[in-house]
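Subject: Handover of a structure and summary of findings

Dear colleague,

Please find the structure below, followed by a summary of what was found in it. I would be grateful if you would read the two side by side.

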Amino acid sequence: MVVATPNPIRSEKIRNIELPIIDLSAERREVSGLIVRACQEFGFFKVINHGVSQDVIARMESQSFEFFAKPVPEKQLAGPANPHGYGSKNIGFNGDVGEVEYLLLSTNSASISQMSNAISPHDPTLFRKFNCACGGHLSLSSCIDPKLLVLDSSAARCYVEAVRGLACEILELMAEGLWVSDISVFSRLIRAADSDSLLRLNHYPPLTEDSDTSPSSFRRIGFGEHTDPQILTLLRSNGVGGLQISLEDGVWIPVAPDSSAFCVNVGDVLQAMTNGRFVSVRHRALANSYKPRMSMAYFGAPSPHARVCSPPELVTPQRPRLYRTFTWAEYKKAAYSLRLGDGRLNIFRSRTVDEE
Ligand SMILES: O=C(O)CCC(=O)C(=O)O
Ligand SMILES: [Fe+2]
């Protein structure tokens, strides 16, 4: 049995910075400018007035809590995570551990149904069915598709439809703000039918058995420092803090929980596609000493064979190409072979830039 090593957090700096909160209902040109600035400075921002229905969010959250409240043997029916499925304490395949249990799902419906069969053979939906009539203003048409209601009327399916719509909208605002002529250059990748996008539910149980009561060791690593490999992450948590981002080594900026917002962060693929203009920010999650924390992360990813390269407008003589073209399958292979905290994108830096 692998036992998670306690990770006391000592001698680190916490800096309280006000992170950008962007109102998506404001004027479009202004919003796209603010998003680009946030992605360049922080690789992170929050969005409000995002249009995803509170009902869709609330149902997904309650289904997730219900899942994590199940007895361990039942949850283990959906495990071990390989990489999809239920996992506890072990993250990835290379020895990373944390005070977290999670359920990682591919967002394609076949995969969600398969997992739900494994968990509840007598109830063939992973999360109890409900009558999905919304799905967020951005993806209404796909959510009211009668075929979808028959096949995918689960909280997970509806949530995924809504957040994918929001992610596409944000990616198009980014392209506009960068003055890229093909505004679907990023969003098209996660709209593809075989996109490798994921939904990850993380549950950080409270740390009740801590005998050392000093403030620094009272909080433990739930999910260790890393960048997200995909294009864009949309994350929500319950009202319990724990997420932190890091812009310089050893300095952590806490992200306050906010029920009206989605946290958005740039992933490695978007850093590569913007030729390094946007930063894929390092972040981590701490488990709370008293309260359970739950987060739900949608990771918008390309399809395996999609080629990742910058649009021509973002490569100039003053700003030569930083990364060589690669496929998402290649990138994933590299990511799975490394530890959580390793900088994977460096492997894909252009030789010409390295040699300069
Ligand atoms: O739980 C959180 O707030 C962060 C989780 C995370 O970074 C991830 O799942 O990639
Ligand atoms: Fe992450």
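Which residues of the largest nonpolar core touch the most other members? They are I35, A167 and M174, in a core of 84 residues. A nonpolar core is here a set of buried Ala, Val, Leu, Ile, Met, Phe, Trp, Tyr and Cys residues joined through C-beta atoms within 7 Å. Helix α7 (residues 155-177) gives the most to this core, with 15 residues.

Before the details, the conventions. This is a predicted model, in which local features need pLDDT of at least 70 and side-chain atom pairs count only at pLDDT 80 or more, while totals for chains, interfaces and linings use all residues. Residues are numbered from 1 along each chain as its sequence is written, and chains are lettered from A and ligands numbered from 1 in the order in which they are written.

Overall composition

The protein chain has 11 helices and 15 strands. Helices (H or I, at least four residues) and strands (E, at least two) are DSSP runs, numbered from the N terminus. Of the 356 residues in the chain, 43% are buried. A residue is buried if 20 or more other C-beta atoms lie within 10 Å of its own, exposed if 12 or fewer, and partly exposed in between, with C-beta atoms placed from the backbone. Among contacts with a separation of 6 or more, 74% join residues 24 or more positions apart; two residues are in contact if their C-beta atoms, placed from the backbone, lie within 7 Å.

Ligand 1

The shell around ligand 1 consists of R200, N202, F223, D228, L235, S237, G242, L243, H283, A285, S295 and A297. A residue counts as near the ligand if its C-beta atom, placed from the backbone, lies within 6 Å of it. Strands β6 (198-204), β8 (232-237), β12 (282-287) and β13 (293-300) each give two or more residues to this shell. By type, the shell holds 5 nonpolar, 5 polar and 2 charged residues. In this division Ala, Val, Leu, Ile, Met, Phe, Trp, Tyr, Cys and Pro are nonpolar, Asp, Glu, Lys and Arg are charged, and the others, Gly among them, are polar.

Two strands pair if DSSP finds at least two bridges between them. Strand β4 (residues 85-91), with 5 of its 7 residues buried, pairs with strand β5 (residues 96-106) in the antiparallel sense over 6 bridges. The two form a hairpin with 4 residues between them, and G92 in the turn has a positive phi of about 75 degrees. I91 stands opposite D96 in β5.

β5 also pairs with β6, again antiparallel and over 6 bridges, with L105 opposite L199 in β6. In β6, 6 of the 7 residues are buried. Antiparallel pairing joins β6 to β13 through 7 bridges, and the bridge partner of L199 in β13 is Y298.

L104 lies in β5 and is buried, with 22 other C-beta atoms within 10 Å. Apart from neighbours within four places in sequence, L104 is in contact with A81, P83, H84, G85, L198 and R200.

Strand β11 and its partners

All 5 residues of β11 (residues 262-266) are buried: F262, V264 and V266 on one side, C263 and N265 on the other. β11 runs antiparallel to strand β3 (residues 44-48), with 4 bridges and K46 opposite C263. β8 likewise runs antiparallel to β11, joined by 4 bridges, and L232 stands opposite V266.

The five-stranded open sheet

A further open sheet of 5 strands has the order β1-β10-β9-β12-β7, with mixed pairing. Its edge strands are β1 (13-14) and β7 (220-226), each of which pairs on one side only.

Helix α10

Which residues of helix α10 (residues 328-336) are buried? They are W328, Y331 and A335. Seen down the axis of α10, they fall within an arc of 60 degrees, so they line one face of the helix; the arc is that of the directions from the helix axis to the C-beta atoms. These buried residues pack against α9 (268-273), β14 (307-308) and β15 (326-327).

With kind regards
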